[in-house]
Amino acid sequence: MRMTVSKLRLPRPRSTHLIAGLFLLLLIALLATGCIGETDTPQNTLAPEGEVARHQRNLFMLAMWPALVVMILVEGAIVVTLLRFRRRKNDAVPKQTHGNTPLEIGWTIVPTLIIIGFVGVPMLPVLFDLGRDPKADAYPIEVTGQRFMWSFKYPDIKDTRTGEPLESPPVPPGRAAELHIPADKEIALTITSVDVNHSFGVPRLAGTQDAIHGELHKVWIKADHPGSFSGQCRELCGTGHAGMLITVIAQSKEDFDAWAKEAAAGVKQAPENGGPEAVTATGSGG
Amino acid sequence: MATEWPQTRKTGLADALRGAREMADQHYGIWSWIATVDHKRIGLMYGVTAFIFFLTGGIEALLLRTQLVVPNAGVLNADQYNRILTMHGTTMVFLVIMPLSAAFFNLMTPLMIGARDVAFPRLNAFSYWVFLAGGIFLNVSFFTKNIFSGELGAPDCGWTCYSTLSSKAFSPGHGVDFWALGVQILGIASLASGFNFIVTILNMRAPGMTLFRMPLFVWMTLVTSFLIIFAMPVIAVALFELIFDRLFNANFFNPDKGGNPLLWQHMFWLFGHPEVYILILPAMGIVSEILPTFSRKPLFGYPFVVFSGIAIGFMSWGVWVHHMYTTGLGTVANSAFGISTILIGVPTGVKVLNWMATMWGGSLNLKAPMMFAVGFVAMFTIGGLSGVTHSVVPSDYQQQDTYYVVAHFHYVLFGGAIFALFAGFYYWLPKFTGKLLNDRLGQIHFWLMLIGFNLTFFPMHVSGLLGMPRRISTYSEGQGWDFWNLLSTIGAFTIATSILVFIINFIYSLRRGEAAGYDPWDGRTLEWTIPSPPPHYNFEKIPVVHARDPFWHEKYTEDEEGRPIPVVAGAANGHENEGQEDHGGHGIHMPSPSYFPLIAALGFPIMATGLIYDYALVAVGAAVLFVGIYGWALEPATEGEEA
């Protein structure tokens, strides 16, 4: 039998150490991933402060932990296989096993049942609940994406100057547009776009929702408590995409009503907390 | 080697090129490559071209990563970023992974099924030239603006080119025109090669090679080819509509005139999801060849691996909406596609378990091809599992369009496809260069690439979960993304270093590499029964196949306990096929070289350029195409018949 022996010897023992080391690193990385929910960053998808985001986080965990376990098992099994069965001098040709049909049928059916049972079935009720139409008494707000800013229209607030529904003032690119909502109340958002696709994402309140020209996309969100939540456009929309920022300001009933009254009267608003820092607009614009 | 074909034939149009033609009939010289219809040469040209595009796409990736290394970096402006981003994605999908897979289809399929060439050799050459034309056409777009003043003319709509961003109103200039027409041209190449390989595999197998004796790689080539011929027409229609919208003011995607931007997304992903499997199934085929060879065991559960590949092929048509959960298609559609997405994970998981069972109990030779193949299994598994987390519709609303998605598909397409393609290089290139790649450099390449890969893309899971949207040209501080982006950028340059090691290895091994011989890896399949590099007719005598893994069964028999023992007579070189003496292929009729596939292919970029700049050129391109096809149709296939 013809065997090729490389002139340069294969650094076998080092390889296995490297495999083990890498595996350890991976494990550490994974644990870091598991702790993401603890970090307090503005757009953390795993630190919900609204009902929709909380359901979404819980479902993600439901899928992520089994996935992590399977991953560690599979990667571990690969490492064990490599260490245990790596070729040694004078290895005999191994036994030629061609397969094991009952075993293979087993590892087709069992994962199917597990994944449907543990992920598919629990997912459906949540999907239908989050995907339902907003309740009739939800607070309505119209969200419009355009290159490159978000604007918000409040049908329930009449602008005293024009008699029309109140609209948020335009913001320059890189500066967050402010959406005021009452906290602890269901908000009915109608999301659309006047030009290209955008996507309205405020992770601490809810996952992203696309804004598409010609479509009215109705969804609901609810903030647990007063606070300020960051978001930004999630769908590539042109040179100003990175600067199409959002700040959602949730206020108690009284504060919100007071804000609404002032805004309707045209009183100049001081931006809450100054808003997030403007992203440097490196683009040539439009 | 002296030519063995008569030089007397007159070929009408090609008469003027007689001198060049004579050179083409030789087996050396530039013209012999330009006119070649030899599947091995076409495969090598596919490989080299796609690798150059791989370097292009890689440099684009490094530019993107450099811009994102710190918040508010000023390396690229948003316009440049979007254009380079678009070209990176388009290049890696259409100009790298697909044609690298096509390179292996070309190089390996005829050898593995015991054939002398593909069914339609000139169509095969045509596929290559059309691919090359399309690839160059796409990249020429960079230069349609004043590149020296930093203005890039490339498309800026992302590789998905969603409507209405892709419309003339929001993407003025010619970038998107180049994109749509370029991808259209590439689709023609893919379609031609898809049909070619289906016919080749179904009709040209050696005697005794039943479908269930075919190597797994050939099976995956077959499934991929079927996916190609069904998926490419879908994107072709979408692209025609986009071109009509842009050039002739049609309104397919214009909501102001009753069109629908979501129509684009449906068609794009109805093509796009099978496309994902077009990219990954050949990789799975390569790995399914390497793992058994380097474990010295047959593939565990061959029928399961074949059928799971076919199942993936069918199911890939029923999951496209999982790219569109957040577009508002409604809960019933989302739940149906969520369940189908969960289910498509099953046949993929089956394959992973079968690969692991193949290695278990084997005698694992951890040479570079094996390391890359194992790397594929390890990394692809991670990509598959993050894919399962995507199938959970409500939680996917959070990950949609974040770096978590970027991490997922790079684990599948880089950790998956690219690792497997490199495994294929180390495994099969010696068959064609005659020289083994250096294994120590291969190991360095592997570990650098594995570490660089994980350093680049694992942190993207984190930045994605921390809410970082994909495709943003910059970001502000205070989002918690800085550290993870820095890691990703360091990783990207580590990958680049590993690729450099590969290039050095390739050049070094071409000059100084160890001779490969017939069978450097103790192979199992027919390609190892012939010399490296193989003669242009491949097999002096068409082999007769008696079993799956036919070459292995010539080398080994089994004792009473079912343990393999070497066949004594075959220990050195007495194998049925290997032992056959090479008579220089006298009397074997091979298809003649031809310039017409190249001429026909040239017509497409000329027509496309004409559509953008001057309609008169369309007529010129059509004429060139017509001349190419006309000459092709009248050119006799084999010179020997006339002699």
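How many residues of chain A are in contact with chain B, and how many residues of chain B take part in return? In this predicted model, 97 residues of chain A are in contact with 100 residues of chain B. Several elements of chain A each supply at least two residues to the side that touches chain B, namely the helices α1 (12-34), α2 (51-85) and α3 (101-130) together with the strands β6 (198-202) and β7 (206-211). Of these, α2(A) gives the largest share of that side of chain A, with 16 residues. When the side of chain A that touches chain B is sorted by class, it has 44 nonpolar, 38 polar and 15 charged residues.

Chain A itself can be read from one end to the other. Its secondary structure comes to 4 helices and 10 strands, and along the sequence these follow the pattern α-α-α-β-β-β-β-β-β-β-β-β-β-α. Of the 286 residues in chain A, 40% are buried, and among the contacts in this chain with a separation of 6 or more, 72% are between residues 24 or more positions apart. The domain assignment divides chain A into domain 1 (12-86 + 104-130) and domain 2 (139-267). Where these two meet, the contact takes 12 residues from domain 1 of chain A and 13 residues from domain 2 of chain A; on the domain 1 side, the residues that touch domain 2 are 5 nonpolar, 5 polar and 2 charged.

Two strands pair with β6(A) in an antiparallel sense: β7(A) is joined to it by 4 bridges, and strand β9 (residues 227-233) of chain A by 2 bridges. A hairpin of 3 residues connects β6(A) to β7(A). A:Phe200 takes part in both pairings, with A:Gln209 as its bridge partner in β7(A) and A:Cys233 standing opposite in β9(A).

Turning to chain B, helix α7 (residues 216-248) has 33 residues and reaches 46 Å from its first C-alpha to its last, close to the 48 Å expected at 1.5 Å a residue. This helix is followed by B:Asn249, whose phi is positive, near 55°. Helix α9 (residues 302-315) of chain B has 14 residues and reaches 20 Å from first C-alpha to last, close to the expected 20 Å. The buried residues of α9(B) include B:Tyr302, B:Phe304, B:Val305, B:Ile312 and B:Met315, and the buried residues of this helix pack against α3 of chain A as well as against α7, α8 (261-295) and α10 (331-359) of chain B.

Finally, there is the nonpolar interior. In soluble globular proteins, nonpolar side chains tend to be buried together. Here the largest nonpolar core has 265 residues, of which B:Val287, B:Ala373, B:Phe376 and B:Ala423 touch the most other members. Domain 1 (12-86 + 104-130) and domain 2 (139-267) of chain A both give residues to this core, so the core lies between them. Within chain B, and leaving aside its neighbours within four places in sequence, B:Ala423 is in contact with B:Ile286, B:Val287, B:Ile290, B:Pro369, B:Phe372, B:Ala373 and B:Phe376.

Key
Residues numbered from 1 in each chain as written. Chains lettered and ligands numbered in written order. Predicted model: local features only at pLDDT ≥ 70, side-chain atom pairs only at ≥ 80, totals over all residues. Contact = placed C-beta atoms within 7 Å. Nonpolar A, V, L, I, M, F, W, Y, C, P; charged D, E, K, R; others polar. Buried ≥ 20, exposed ≤ 12 C-beta atoms within 10 Å, placed from the backbone. Expected span 1.5 Å × (residues − 1). Domains from an automatic or database assignment. Core = buried A, V, L, I, M, F, W, Y, C linked by C-beta atoms within 7 Å. Pairing = 2+ DSSP bridges.
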